[in-house]
Amino acid sequence: MLAQAPHPVQAVQSIPHVLIDGLNKWFGALHVLKDIDLCVRAGARIVVCGPSGSGKSTLIRCINGLEPFQKGTIQFEAATLDKDGRDTTKARRQTGMVFQSFNLFPHLTVLANCTLALRRVLLKPAREAEEIAMQHLTAVRIPEKAQAYPAQLSGGQQQRVAIARALCLNPRIMLFDEPTSALDPEMIKEVLDVMIALAKTGMTMVCVTHEMGFAREVADEIVFMDEGRVVEHASSKNFFARAAHPRARLFLDTILSH
């Protein structure tokens with residue numbers, strides 16, 4: 001079982017807000033993020049959805065400091081990202097990132113993948129790092145694979161290891177960039193189940209996904225993007241019951257009819 005959330009009052013104090021103000025990003029002449037304003041409240045579970053090419057993954061990568069941007073700010077509790085890259089290291093230490101393609105080191109065991117940053121970045125002793133890693137591998141239901149290599153795991157198992165690795169650094173917010181898009185259909189549920197359990201702990205989560213069943217069950221807020229803009233930001237209940245924007249309604253009709 002993943003650790004339970006702290007008392008609600010403690011949770012509000014310990015989990016940061018993220019405030020995105022006037023975010024703009026270009027790739028050359030291509031304007032991929034246009035005047036994004038978004039507040040991620042403490043303990044929020046936000047799903048970012050929309051058609052391919054709408055800027056969803058770029059937004060997530062900007063929040064984690066993986067993509068520079070040309071205008072605007074991203075304000076954390078103890079760090080501010082801006083066009084000059086100020087506080088990038090501080091911001092990354094507050095966020096955990098799970099990618100589409102796992103990004104595990106193939107030459108390291110599962111345990112070594114999970115302890116690497118603990119030992120190199122946080123300077124934890126080997127034994128303590130391994131104890132932390134095993135705690136999170138147990139939480140994602142894969143402790144028996146600690147000595148295996150990524151190539152010996154299924155895609156779903158690799159993604160669960162990636163989640164455990166991100167959790168090892170005790171992030172204040174978890175970012176997911178289409179975490180099930182590279183998985184076979186039968187492996188998607190095992191990853192979503194882990195994410196659902198994580199959401200129940202009170203972790204602040206922002207997830208880019210097309211898994212609308214997961215969004216309906218877990219998200220309390222939906223951010224819908226189209227052509228680089230946030231065109232709708234609503235509660236999950238309102239979004240699925242009566243999306244306001246015509247593009248959002250078309251998206252839902254298309255996704256939910258399959």
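What pLDDT does the protein chain average, and what share of the residues score at least 70? The chain averages a pLDDT of 90, and 93% of its residues score at least 70; pLDDT is the predictor's confidence in each residue, from 0 to 100.

**Before you start.** This is a predicted model, where local features need pLDDT of at least 70, side-chain atom pairs count only at pLDDT 80 or more, and totals for chains, interfaces and linings use all residues. Residues are numbered from 1 along each chain as its sequence is written, and side-chain values use heavy atoms, with hydrogens and water left out.

**Stop 1: the four-stranded sheet.** Helices (H or I, at least four residues) and strands (E, at least two) are DSSP runs, numbered from the N terminus. Two strands pair if DSSP finds at least two bridges between them. Select the open sheet of 4 strands, ordered S2-S1-S4-S5 with antiparallel pairing. Its edge strands, S2 (30-40) and S5 (80-81), each pair on one side only. Now pick helix H2 (residues 56-63), which packs on this sheet and touches S1 (18-27), S2, S4 and S5. The direction of H2 makes about 120° with that of S1. Here, contact means heavy atoms within 4.5 Å; axes are lines fitted to C-alpha atoms, for helices over the stretch in contact, and angles run from 0 to 180 degrees between N-to-C directions. Next, find S4 (residues 71-75), joined to S5 by 2 bridges. Click Ile74, whose bridge partner in S5 is Leu81.

**Stop 2: the six-stranded sheet.** Which strands come next? Another open sheet runs S6-S7-S8-S3-S9-S10, with mixed pairing. S6 and S10 (229-235) are the edge strands, each pairing on one side only. Neighbouring strands are turned by 15° against each other on average, direction ignored. Select S9 (residues 221-226): S9 pairs with S10 in the antiparallel sense over 6 bridges. Phe224 stands opposite Glu232 in S10. Then show helix H10 (residues 246-256), lying across S3 (45-49), S9 and S10 at about 105° to S9. Helix H6 lies across S6 and S7 (173-177), running at about 170° to S6.

**Stop 3: the largest pocket.** On a 1 Å grid over the protein atoms alone, a pocket is an open set of points where a 1.4 Å probe fits, with protein on both sides within 12 Å along at least five of seven lines; lining residues have an atom within 4 Å of a point. Select Arg92, Thr95, Met97, Ala117 and Leu169, which lie nearest the centre among the 24 lining residues. H4 gives the most to this lining, with 4 residues. The largest pocket holds about 690 Å³ of space, a volume being the space filled by probe spheres set on the points, which are joined across faces, edges and corners.
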